[in-house]
Amino acid sequence: MNHAEADAALAMLGQGVTADSLETDTLDFKLVADSPEASLNMLADALVCFVNARGGTVILGIDDKATDRERALRGVPPNYTVDLIRKGIFDRTSPADHGVRQRKIY
């Protein structure tokens with residue numbers, strides 16, 4: 001996981017650029033979907049793509065179309081625990097991916 005790339009992209013949010021323009025082949029921003037089921041499916045798909053390539057980082061809770069920081073940083077509901085996300089991805093992938101890690105961004 002490349003924290004420097006993610007930190008640099010997060011620092012640029014709110015400077016008139018959208019998060020999707022900061023995405024790379026190893027960095028992806030995702031907005032929480034309408035349901036945990038949909039969010040977990042989306043995360044599993046994104047992570048499988050990264051696992052099958054060079055690896056990467058998915059940051060959940062970012063609206064990648066917003067141009068200002070306040071609208072871009074949407075956050076994640078408290079019921080989206082690391083255990084819920086880890087189990088959800090484990091249950092949706094084969095072989096199961098255990099590479100979920102949590103990092104709080106303030």
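**Notes on a predicted chain and its cores**

1. Let's start in the middle: the largest nonpolar core has 12 residues in all, namely Ala 6, Ala 9, Leu 10, Leu 13, Ala 19, Leu 22, Leu 27, Phe 29, Ile 59, Ile 62, Ala 66 and Ala 72. A nonpolar core here is a set of buried Ala, Val, Leu, Ile, Met, Phe, Trp, Tyr and Cys residues joined through side-chain atoms within 4.5 Å. Buried means under 20% relative accessible area, exposed means over 50%, and partly exposed lies in between (1.4 Å probe, protein chains only). Helix α1 gives this core its largest share, three residues, and both α1 and β1 supply at least two each. A second, separate core has eight residues, among them Leu 43, Leu 47, Tyr 80 and Ile 85. In soluble globular proteins, nonpolar side chains tend to be buried together.

2. A word on the model before you read on. This is a predicted model, in which local features need pLDDT of at least 70 and side-chain atom pairs count only at pLDDT 80 or more, while totals for chains, interfaces and linings use all residues. Residues are numbered from 1 along each chain as its sequence is written, and side-chain values use heavy atoms, with hydrogens and water left out.

3. Now the overall layout. The chain has four helices and two strands, in the order α-β-α-β-α-α along the sequence. Helices (H or I, at least four residues) and strands (E, at least two) are DSSP runs, numbered from the N terminus. Of the 106 residues, 36% are buried. Contact means heavy atoms within 4.5 Å; among contacts between residues at least 6 apart in sequence, 63% join residues at least 24 apart.

4. Which residues of helix α1 are buried? In this helix (residues 3–12) they are Glu 5, Ala 6, Ala 9 and Leu 10. Seen down the axis of α1, these buried residues fall within an arc of 125 degrees, so they line one face of the helix. The arc is that of the directions from the helix axis to the C-beta atoms. Their cover includes β1 (27–30), β2 (57–60) and α3 (69–72). After α1 comes Gly 14, with a positive phi near 90 degrees.

5. Leaving aside neighbours within four places in sequence, Leu 27 is in contact with Glu 5, Ala 6, Ala 9, Leu 22, Phe 50, Thr 57 and Ile 59. Ile 59 sits in strand β2 and is buried, at 9% relative accessibility. From Ile 59 to Gly 75, 16 residues apart in sequence, the C-alpha to C-alpha distance is 9.9 Å.

6. Finally, please compare two loop residues. Lys 65, in the loop between β2 and α3, is exposed at 57%. Leaving aside neighbours within four places, Lys 65 is in contact with Thr 18 and Asp 20. The Asp 20 side chain makes polar contacts with the side chains of Thr 18 (2.4 Å) and Lys 65 (3.0 Å). A polar contact is a pair of N or O atoms within 3.5 Å; within protein, one must be able to donate a hydrogen and the other to accept it, and residues adjacent in sequence count only if both atoms are side-chain atoms.
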